[in-house]
Amino acid sequence: MEVVITTENLETYKNGELPLVVDLWATWCGPCKMIGPIISELAEEYDGKIVVGKCDVEENDDVAIDFGVRNIPTILFFKNGELVDKFVGAASKEVLNEKFKALL
């Protein structure tokens with residue numbers, strides 16, 4: 001299950017016990033719509049191991065600014081409160097699954 005990431009709750013999730021994956025997206029973004037269902041599937045598959053969140057950059061633009069995000073979709077990978085990886089653009093489930101595995 002995915003959580004909604006906002007400016008207000010990002011720090012809490014980022015510093016939680018589990019690794020965090022944040023999908024930065026917007027409703028008007030075509031590639032975001034392509035990977036959205038993949039992210040949802042991976043959220044279910046990694047439930048209890050990785051927290052997966054979605055952050056709408058239109059509503060939380062300061063999150064995008066803080067991490068230097070210029071293009072979406074961008075997926076941020078956090079472990080122990082630190083940004084450990086960033087992926088920009090659409091990708092297959094296999095590619096994203098490898099990124100998820102690397103967090104464990």
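1. Let's start with the disulfide, meaning a pair of cysteine sulfur atoms within 2.5 Å. Cysteine 29 is joined to cysteine 32 in this way, with an S to S distance of 2.4 Å, and the structure holds 1 disulfide. The torsion about the S-S bond of cysteine 29 and cysteine 32 is about 80°, so the disulfide is right-handed. Both of these cysteines are buried; buried means under 20% relative accessible area, exposed over 50%, and partly exposed in between (1.4 Å probe, protein chains only).

2. A word on the source: this is a predicted model, where local features need pLDDT of at least 70 and side-chain atom pairs count only at pLDDT 80 or more, while totals for chains, interfaces and linings use all residues. Residues are numbered from 1 along each chain as its sequence is written, and side-chain values use heavy atoms, leaving out hydrogens and water.

3. What about cysteine 55? Its sulfur lies 11 Å from the closest cysteine sulfur, in cysteine 32, which is too far for a bond. Cysteine 55 counts as buried, at 0% relative accessibility.

4. Leucine 24 is worth a look. Beyond its neighbours within four places in sequence, leucine 24 is in contact (heavy atoms within 4.5 Å) with residues including Cys32, Cys55 and Ile72.
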